Each structure stands twice: as structure tokens, then as C-alpha cells.
Amino acid sequence: MLTARFASASLLQPDSTAAQVPVRRAAEWETLAAGLPEEARFHRITRLRYNRVDGPAATLGAAFQTGRTPAPALFAEGTYAYSRERGLYEAGFATPFGDRPVLTVGGSAYRRTATEDEWIDSEGENTIFALAARTDYRDYYESEGGQGYVAWSPGSDFELRGGARFESERSLATRTRVALTGHHPVFRPNVPIEEGDDQSFTVHVRVGPAEFPAQGGTRGEVIYERSGAPLAGDFEYGRLRGAVRHRIRLSKTREFRARLIAGSTLTGTVPFQKLWYVGGIGTLRGHDFKSFGGDQFYLVNAEFYQRARKNIYAFTFLDSGAAWFGKGNLDRQHPALDAGLGVRLGQGPAAVTVAKNLRDGGSKPLVGVRLGGSF
């Protein structure tokens, strides 16, 4: 089964790629052999991606899942990055406790192509843009190491997760130029990172449903990440990130969506690869890609949808945000303000937008194409 994830990615990254394994609940699985518990099943893992550092990268693996939780109890997968002739892997576990799992313990060991840009666009959407238009919206580095976590979820609308990560991070270079078409003859360079060992712990809190029901809802997430003391490693920083998403169906033909994302480096200095950027796809749609960067940022997006015809929605949107250096410099910022119009096919991934930078009267409207949800 080839999986291409078109749902919008969260700002708050999962503790393991186990969270990305396309597992199924027990009722959807087939019995493997007589005598095996009905809720215990194996599942194949197959994925294919394309980006400018790996080129084509195929993933094969397997997962074992019980009926008590949608997370795989055991999984292992291997990936071959063709353009850099590199084998990647991840293997791990998730152990639930209780008849209705309230506590889960998990971890994994890995070598993978990592990115901090998962919240901007999904891997599936990015793969299509890279293949079709020689446009890669992510920046990458290689990480190798291990991680573990403990998650407490007393109800579906709350989860508290604590984890630790020990990994080595290395720079990657652009390795391919193949695409069907593109405005430029080559991909943009992949920016080198500050290489070293990152040893950190995280605390992650979610309040609200993991997936919105049809009528909508509100979800908030906060994650604190601390690298360095009391752990070792080459980096020393503490940062806080948060996201609040709201969606409400106003009627059968109207819907409103809003998102607030913010991050602050509270102590130390984050390495270059951990900086935040806004501008362009998935952020400020009236600005060029990654127009602003820094160790502090915030972003606000709002969209109002009106169904124009069956499975066709017209929408208007407003974006505002900024990224800068120094936690005491918020009052010196002049946040971007963009507005625009768009057309989306149903609730699905395809949309076209036209956005204008309202701070610059002489700026030209920018046309954007999305193959994944906006947020």
C-alpha cells in the first residue's frame, strides 16, 4: 500500500515516525493464523517520497498492532535514499497499559532524513511539488540516534507526554535535479546545519480532540523542548512552541477555520536548523517563501468558506505573522498582513489562492497552489 499523506502537518512533531505508520484499527485487519487473538494483526509499511537531498526514497517495513490502541506495538522499517546512496531505518515499540490504555510507553532507534518544516506542508504534497515542479519546500538534515517517551491520556481530549532524544545531526546536500518541469533548472541548495549531538527532553500537552469531528472543535498543543543541561550534548537551549486550532461549521454550506501558532526560545541559542520561518506556502500567502526567520515567531491564519457548487468551495483568508531574533524584541516588529481569495475542491486537498501583501501597496498578488489542507 502506497501512502501519500495530504493532511496538513502539525507544528508539533511526533516523538517517533511510529506516529506516521499507517496502521489500521483491529476491525479492519485480517486474521493471520488460527489461534492468534482476533485483535492482534500485522501490517505492511510501504511509502515512497521524493526530495532534493534523497531523490527517490522507498520505504518497506512491517508493524504489529493490538486492538487496544491504533499505535503499532512493534514496528521496523527501512528506506533507501537513491540519490545519496544511503540506507535509513527506524525500529521501535509502543506498549499500552490498561484495558483502555491510559498510559503508553514507547521508543525507537533510527537513522533518518529529518526536517523542522513538517508543519508547513506534508510529505506527500512536497513530493508532488518536487517531482512535478522542481520545488522543495523543506530543508533537511540527517539525524541518527534514539528516543523514548511516556504518554498519559485519561480521555480522548487530553494527553500529556514526556520524552527524551539522543541523536547526532549532520548536514545534507542537494543531490538531484530531476523533475518534470520547473521555473529553475536546479533545486535550491539545502542549507548546511550546525552539526553535533543533540540530547534533549520534551514535555508535550494536548487539550482537545486529536482529530476534529464533522461539526468542528478547538484543539490546543504546547511543547517545551530542552537541550543541554542536565543532559550533555553540543547544544544548549530551551524553547516553547504552541498551536491553537479552531474549526466550526456555521451551516451546511459555510465553515470558519482559524489557527494561532507561536514559538519562543527562552534560554540559550538554538542551532541554525531549529530556527523558525514564515512566508509563502502554508504561512503568509502574500509573501515569498520563508521571507522571515528567527528564534521567535508567531502566525495567525483565518479562513471563511462558502460552498459555491457541489464539492466546490470559495473562501477568503487573512494571514498575519512575523519571525525575529530576541525574545524581548516583539514590540519592534512590524507583522506581515496578507489577504486573499481561493477556491478549494470539497474538503479535499486541491486549492488555488491569490494573496496580496497589504503592507506594500506596490506588491504584486501571488498565486498559490495547495495539494494539502491549509491547516
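Arg165 touches Tyr110, Gly146, Gln147, Asp198, Gln199, Ser200, Glu225, Tyr237 and Lys274, leaving aside residues up to four places away in sequence.

Student: Where is Arg165 found?

Tutor: Keep in mind that this is a predicted model. Arg165 belongs to strand β7, residues 158-171.

Student: Is Arg165 buried or exposed?

Tutor: Buried means under 20% relative accessible area. Arg165 comes in at 14%, so it counts as buried.

Student: Which side chains make polar contacts with the side chain of Arg165?

Tutor: Look for N or O atoms within 3.5 Å. Here the Arg165 side chain pairs with that of Asp198 at 3.0 Å, and with that of Glu225 at 2.7 Å.

Student: On to the second largest pocket. How many residues line it?

Tutor: There are 25, with Thr135, Tyr137, Ile281, Phe289 and Val367 nearest its centre. Two elements give two or more residues to that lining: α1 (123-133) and β18 (366-370). β18 gives the most, 5 residues. By type, the lining splits into 10 nonpolar, 9 polar and 6 charged residues, and the space inside is about 580 Å³.

Student: And which residues have the most contacts inside the largest nonpolar core?

Tutor: A core is a set of buried nonpolar residues joined through side-chain atoms within 4.5 Å. The largest one here has 14 residues, and Trp119, Ile261, Val278, Ile281, Leu284 and Phe297 have the most contacts inside it. Strands β12 (276-278) and β14 (296-309) each supply at least two of its residues. A second, separate core has 6 residues, among them Tyr305, Tyr313, Phe315 and Phe317.

Terms used:
Residues numbered from 1 in each chain as written. Predicted model: local features only at pLDDT ≥ 70, side-chain atom pairs only at ≥ 80, totals over all residues. Heavy atoms only, no water. 1 Å grid on protein atoms, 1.4 Å probe; cavity = no way out; pocket = protein on both sides within 12 Å on 5 of 7 lines; lining within 4 Å. Points joined across faces, edges and corners; volume = space filled by probe spheres on them. Helix = DSSP H or I, 4+ residues; strand = E, 2+ residues; numbered from the N terminus. Nonpolar A, V, L, I, M, F, W, Y, C, P; charged D, E, K, R; others polar. Buried < 20%, exposed > 50% of the residue type's maximum accessible area, 1.4 Å probe, protein only. Polar contact = N/O pair within 3.5 Å; in protein donor to acceptor, adjacent residues only side chain to side chain. Contact = heavy atoms within 4.5 Å.
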